[in-house]
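Student: I would like a close look at one part of this chain. Please take me through it step by step, then show how it sits with the rest.

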Amino acid sequence: MGSSSGQGGSSNYDVSFKILLIGDSAVGKSSLLLTFISNSLLQDTSPTIGVDFKIKLLTVGGKKLKLTVWDTAGQERFRTLTSSYYRGAQGIILVYDVTKRETFTNLSDVWAKEVDLFSTNQNCVKMLVGNKVDIESERAVSREEGISLANEHGCLFLECSAKTRENVEQCFKELALKIMEVPSLMEEGSTIVKRNVLKQKPEYQRPSGGCCS
Ligand SMILES: Nc1nc2c(ncn2[C@@H]2O[C@H](COP(=O)(O)OP(=O)(O)OP(=O)(O)O)[C@@H](O)[C@H]2O)c(=O)[nH]1
Ligand SMILES: [Mg+2]
C-alpha cells in the first residue's frame, strides 16, 4: 500500500489532512504509527527525538485521503519543540497506556492543556486512545474511565493495541471520517490539495529534452 513519500502527485488523492500524535513517552505513539503504516509486526522502537512524520494514502467514505501523521516526542525535554507542530492540525490523537495510570492522568494534567494552548484549529477533531490492551492482566485504567474522560474533553474514544493491531486502523479511519464531517476542516484539506496542484504546474509544463550539449 502507498505509505511513504509525498512525491506521488496530488491527483492521487482528494483531500489532505494533518494528524498529530501526542501523549507521554513510551505509551506507544510511534508503534501505533508504524503498525498503521506497515504490515510488519511490532518492532522495537526507540524514544522519538523531536518529531517524525509519515504519510499514508487511504480511502475513507469514498474519498481518497492523504494523511500526514506527525509523531511527536513524549519526553519532557522536547516539550517546547513539540508545541510548534500543533499548527494547522485537523486531527489530534491523545494516547495513553492502559497499564500505566500516570499516562492517563497526564492527559488531563498536561496534554489537554497543550492542545488548548497550541492548537490553531478551533474545530480540530480530538481522539482519546488507550493503547496496549493486549496486556489485559496489567490494566490500570478501565474502559469506562477512558470513555468518561473522552466525553469530558469532547473526544472520540478507542482502545487498541499496536502489538496485536487491534483497532489501530480504526483509530485513524474514525478520526478521518469525523474530520470529513466538519465543513471547515474538509475545506482546508481540499485547499491544500489545490495549492499543491498550482505549485506543481510549472514543473509539468517544462519542455522536455535538453537544450544544451
Ligand atoms: N505490549 C505492547 N507493547 C507496546 C504496544 N505499543 C507499544 N509498545 C511498546 O512500548 C514501548 C514504547 O513504544 P513507543 O512507540 O516507542 O512509544 P512512544 O509513545 O513513541 O514514546 P516517545 O517517542 O518517547 O514519546 C516499546 O517498547 C513498544 O514496543 C502495545 O500495544 N502492546
Ligand atoms: Mg515515539
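Tutor: Start with Ala-26. Ala-26 is partly exposed, because 16 other C-beta atoms lie within 10 Å, and a residue needs 20 or more to count as buried. This is a predicted model, so read each value as computed. Ala-26 sits in the loop between β1 (15-22) and α1. Its phi is near 75°, a positive value in a residue other than glycine. Most residues other than glycine have a negative phi.

Now follow the chain into helix α1. This helix covers residues 29-37. It gives the most to the shell around ligand 1, with three residues. The shell holds 22 residues. Those that come nearest to ligand 1 are Gly-28, Ser-30, Pro-47, Thr-48 and Gly-74. By type, the shell divides into seven nonpolar, 10 polar and five charged residues.

Asn-167 lies in the loop between β6 (156-159) and α5 (168-180). With 19 other C-beta atoms within 10 Å, Asn-167 is partly exposed.

Next comes α5 itself. It has 13 residues. From first C-alpha to last it reaches 19 Å, close to the 18 Å expected at 1.5 Å a residue. Its buried residues are Val-168, Cys-171, Phe-172, Leu-175, Ala-176, Ile-179 and Met-180. Seen down the axis of α5, these buried residues fall within an arc of 155°, so they line one face of the helix. An α-helix has 3.6 residues a turn, so residues three or four places apart point the same way.

What lies by α5? Take Val-60, in strand β2 (residues 51-60). Leaving aside neighbours within four places in sequence, Val-60 is in contact with Leu-65, Lys-173, Ala-176 and Leu-177. Ala-176 is also one of the buried residues of α5. Val-60 and Met-180 are 120 residues apart in sequence, yet 9.3 Å apart in space, C-alpha to C-alpha. Val-60 counts as partly exposed, because it has 17 C-beta neighbours inside 10 Å.

Helix α3 spans residues 101-118. At 1.5 Å a residue, its 18 residues should span 26 Å; the end C-alpha atoms are 25 Å apart, which agrees. There is a bend of about 50° in α3 at Leu-107. Leu-107 is also one of the buried residues of α3, along with Thr-103, Phe-104, Trp-111 and Ala-112. What covers these buried residues includes β1, β4 (91-97) and α4 (143-152).

Last, the whole chain. It has six helices and six strands. From the N terminus on, they run β-α-β-β-α-β-α-β-α-β-α-α. Of the 213 residues, 36% count as buried. Among contacts between residues at least 6 apart in sequence, 75% join residues at least 24 apart. Val-60 and Lys-173 are in contact across the sequence in this way.

Note on methods
Residues are numbered from 1 along each chain as its sequence is written. Chains are lettered from A and ligands numbered from 1 in the order in which they are written. This is a predicted model: local features need pLDDT of at least 70, side-chain atom pairs count only at pLDDT 80 or more; totals for chains, interfaces and linings use all residues. A residue is near a molecule or strand if its C-beta atom, placed from the backbone, lies within 6 Å of it. Helices (H or I, at least four residues) and strands (E, at least two) are DSSP runs, numbered from the N terminus. Ala, Val, Leu, Ile, Met, Phe, Trp, Tyr, Cys and Pro count as nonpolar, Asp, Glu, Lys and Arg as charged, and the others, Gly among them, as polar. A residue is buried if 20 or more other C-beta atoms lie within 10 Å of its own, exposed if 12 or fewer, and partly exposed in between; C-beta atoms are placed from the backbone. The expected span of a helix is 1.5 Å times one less than its number of residues. The arc is that of the directions from the helix axis to the C-beta atoms. The bend at a residue is the angle between axes fitted to the seven residues ending there and the seven starting there. Two residues are in contact if their C-beta atoms, placed from the backbone, lie within 7 Å.
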